[in-house]
Amino acid sequence: MSRSVPCPTCQKAVEWSPDSPWRPFCSERCKLIDLGAWFSEKHAIPGEEIPVVQGDGGESEPPRH
Ligand SMILES: [Zn+2]
């Protein structure tokens, strides 16, 4: 019973067996490429700045009577 999965990097069919040490990648190269892409993607994410909401604690609000 053999099963194959598409390599996430190059979509090549990879046999899911002990003969494919880099599964689900077809080769170490594809694995590294994928990891590299993941890392560069991480680094490429432009600092999505979350606007800091001021006065969240209500400290700056005038006291209510
Ligand atoms: Zn591949």
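Tutor: Start with Gln-11. Gln-11 is exposed, because 10 other C-beta atoms lie within 10 Å and the cut-off for exposed is 12 or fewer. Keep in mind that this is a predicted model.

Student: Where is Gln-11 found?

Tutor: In the loop between β1 (4–6) and β2.

Student: And what is its phi?

Tutor: Gln-11 has a positive phi, about 65°, and it is not a glycine. Most residues other than glycine have a negative phi.

Student: Switching to peptide bonds. Is the one from Arg-23 to Pro-24 cis or trans?

Tutor: It is cis, with omega near 5°. Most peptide bonds are trans.

Student: Where does Pro-24 sit?

Tutor: Pro-24 is in the loop between β2 and α1.

Student: Zoom out. What pattern does the protein chain follow along the sequence?

Tutor: The order is β-β-α.

Student: How much of the protein chain is buried?

Tutor: Buried residues are 6% of the 65 in the chain.

Student: What about contacts between residues at least 24 apart?

Tutor: They make up 8% of the contacts between residues at least 6 apart in sequence.

Student: Now confidence. What is the mean pLDDT of the protein chain?

Tutor: The mean is 83, and 78% of the residues reach 70 or more.

Student: Which element has the highest confidence, and which the lowest?

Tutor: Strand β2 (residues 13–15) is highest, at 96. Helix α1 (residues 28–44) is lowest, at a mean of 83.

Technical notes. Residues numbered from 1 in each chain as written. Predicted model: local features only at pLDDT ≥ 70, side-chain atom pairs only at ≥ 80, totals over all residues. Helix = DSSP H or I, 4+ residues; strand = E, 2+ residues; numbered from the N terminus. Buried ≥ 20, exposed ≤ 12 C-beta atoms within 10 Å, placed from the backbone. Contact = placed C-beta atoms within 7 Å. pLDDT = per-residue confidence, 0-100.
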